[in-house]
Amino acid sequence: MLEVSTAYSDKFIDYQSPRRQPHPGASDLKNIISQHFLLSVPMHIRSSPTSAVNQEDRDVFISKWPEKKDPFTQADLLDSEEDQVQGLIFRIRTSISVPYRESLANKLVTLFNDAKEEDSASLGIAVGTLRNFYNFFQFHTNLKCPTISLTPEYNIYASWRAGQNRVFSVHFLPNGDARFVIFKPNDKHPERQFRIAGTATTDILKETVVPFGVWNWISE
Amino acid sequence: MKGDKIPDQHHIARFCRPMQVPDGQIQATAFMLRKDEECLSVNWLEFLNRSSRESEIAELRKIYSAKFNVGARAKLAVLNVGEVREKVLTESPDRRNLEVLHDPQYKEVYDPSHSGIYNLKQDDELIAELILETVRETYPARK
């Protein structure tokens, strides 16, 4: 994503790349990944069709594998994920149709940098959660700007508040789900509070929470 | 002593990471567990036996800075034990009975007031929001 790298080169991610900063977990993950591939290759051979072309491809793949002694490191994975995070934030900044997209992107960059400042080997923001968040805002362009923070697992948590007793919070999970919480006044007993929590895929989150009147006060 | 229940009238402080304090406002994410955590880490303020809240907070700042990298925007949230327990017990859908237990740590960093809020689960967003509503005071986590 050349355009993304260029766009962020002077203002994004001011920290030392994990590639230049080895950490204890890297060799463990490398071993796990290596083991996974070494185990999966023979299984692939057994289950593949036996055409000449495929046989040749497999031979090439297998014969080349041992020569590449260090195919992945955790640093490589993190850098790759960080590229994706940058790309998604760039898309939020430039392509979603909300008036506060610049501010939203800046908030995400701040959170990312906060996480990295604490632990440079951390994810910063998990790619899956950011993709989920991006998809949500692509479909819902009339929402007020939420307060966003990160969970301990580096997932995005967005909150909308109104007055003393209205809260709608969404935890964007990396798998496309969203866990939500609603606090609102009890319609029949305004001094009491109605509270509910649930899980829905992000694409049906709106229709899931609309019956609770949430959309009336989180949208413009 | 490890496992002692902290009295309801006492207070605890929770370290809130910068990524959980956007625009200076502590969010519910500060009260969520990591995958590998059994309890929410807090510090028992009265156990420090200091003469003032400021002095308690100063002591905690020292401990935290010895334990990990404290970001500039990190904060400390002070909560009353009884209020947190009562709030969650009466307002959570499953009437969750939280326990706040002393859990002193003497490993790499001497942290004798370290304690934990127990009976939380990984997907407790609603309870995290309830705990957030009981925050009484906030302080910068570093001077």
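Predicted model: local features only at pLDDT ≥ 70, side-chain atom pairs only at ≥ 80, totals over all residues.
Figure 1. Chain A has 220 residues, and 27% of them count as buried. Take the contacts in chain A with a separation of 6 or more: 58% of these join residues 24 or more positions apart.

**Figure 2. Helix α5 of chain A, residues 101–118.** How far apart are the end C-alpha atoms of this helix? They are 26 Å apart. At 1.5 Å a residue, its 18 residues should span 26 Å, so the two values agree. The buried residues of α5(A) are A:L104, A:K107, A:L108, A:V109, A:L111, A:F112, A:D114, A:A115, A:K116 and A:E117. An α-helix has 3.6 residues a turn, so residues three or four places apart point the same way.

**Figure 3. The side of chain A that touches chain B.** Here 23 residues of chain A are in contact with 22 residues of chain B. On the chain A side, at least two residues each come from α5, β1 (147–150), β2 (156–162), β3 (166–172), β4 (177–185) and β5 (193–201). Which element supplies the largest share? It is α5(A), with six residues. By class, this side of chain A has ten nonpolar, six polar and seven charged residues.

**Figure 4. Packing of helices α2 and α3 in chain B.** Two packed helices are described by the angle between their axes and the distance between the axes. In chain B, α2 covers residues 81–91 and α3 covers residues 125–132. Their axes come within 9 Å and cross at roughly 135°. That angle makes α2(B) oblique to α3(B). The crossing is right-handed. From α2(B), B:V84, B:K87, B:V88 and B:E91 take part; they meet B:I127, B:L130 and B:I131 of α3(B). The residues of this contact comprise five nonpolar, no polar and two charged.

Figure 5. Is B:D103 buried or partly exposed? B:D103 counts as partly exposed, because it has 19 C-beta neighbours inside 10 Å, whereas a buried residue has 20 or more. Setting aside neighbours within four places in sequence, B:D103 is in contact with B:K2, B:H114, B:S115 and B:G116. B:E86 lies 17 residues from B:D103 in sequence. In space, the two are 21 Å apart, C-alpha to C-alpha.

Methods: Residues numbered from 1 in each chain as written. Chains lettered and ligands numbered in written order. Axes fitted to C-alpha atoms, helices over the stretch in contact; angles between N-to-C directions. Helix = DSSP H or I, 4+ residues; strand = E, 2+ residues; numbered from the N terminus. Parallel < 35°, antiparallel > 145°, perpendicular 65-115°, else oblique. Left-handed = near helix turned anticlockwise from the far one by under 90°. Contact = placed C-beta atoms within 7 Å. Nonpolar A, V, L, I, M, F, W, Y, C, P; charged D, E, K, R; others polar. Expected span 1.5 Å × (residues − 1). Buried ≥ 20, exposed ≤ 12 C-beta atoms within 10 Å, placed from the backbone.
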